[in-house]
Amino acid sequence: MLAQAPFILPIPGTRFEARALENLQALDVELTPEQVEKIGELVSPTNIAGERYNPTVMREGDAEKWRWTT
């Protein structure tokens with residue numbers, strides 16, 4: 001995401017200092033334009049498959065939505 005700056009700014013969240021320090025190491029990584037393009041192809045939204053939630057969670061989400069809108 002950092003390679004796409006200034007258009008994208010990742011804001012990672014964590015509860016642990018060690019993870020925050022690990023995330024900061026991304027500042028030391030430099031990718032070529034070709035690498036950025038390849039990564040974009042691999043994680044493209046068109047490559048995502050399957051449901052985000054299982055049917056039970058989907059029903060609960062629908063019930064929650066209707067509870068707040070009716």
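Is Val 43 buried or exposed? Val 43 is exposed, at 57% relative accessible area (buried is under 20%, exposed over 50%, partly exposed in between, with a 1.4 Å probe and protein chains only). The model is predicted, so local features need pLDDT of at least 70 and side-chain atom pairs pLDDT 80 or more, while totals for chains, interfaces and linings use all residues. Numbering starts from 1 along each chain as its sequence is written, and side-chain values use heavy atoms, without hydrogens and water.

The protein has three helices and zero strands (DSSP runs, H or I of at least four residues and E of at least two, numbered from the N terminus). Their order from the N terminus is α-α-α. Of the 70 residues, 1% are buried. The accessible surface is about 7000 Å² (Shrake-Rupley, 1.4 Å probe; for residues, only the protein chains shown count as cover). Carbon and sulfur atoms hold 59% of that surface.

Val 43 sits in the loop between α2 (33–42) and α3 (55–69). Together with Val 29, Leu 31, Ile 39 and Leu 42, Val 43 forms a nonpolar surface patch. Such patches join nonpolar side chains (Val, Leu, Ile, Met, Phe, Trp, Tyr) within 5 Å, and like charges within 9 Å, from residues with over 30% relative accessible area and no salt bridge (a Lys or Arg side-chain nitrogen within 4 Å of an Asp or Glu carboxyl oxygen). The accessible area of this patch is about 470 Å².
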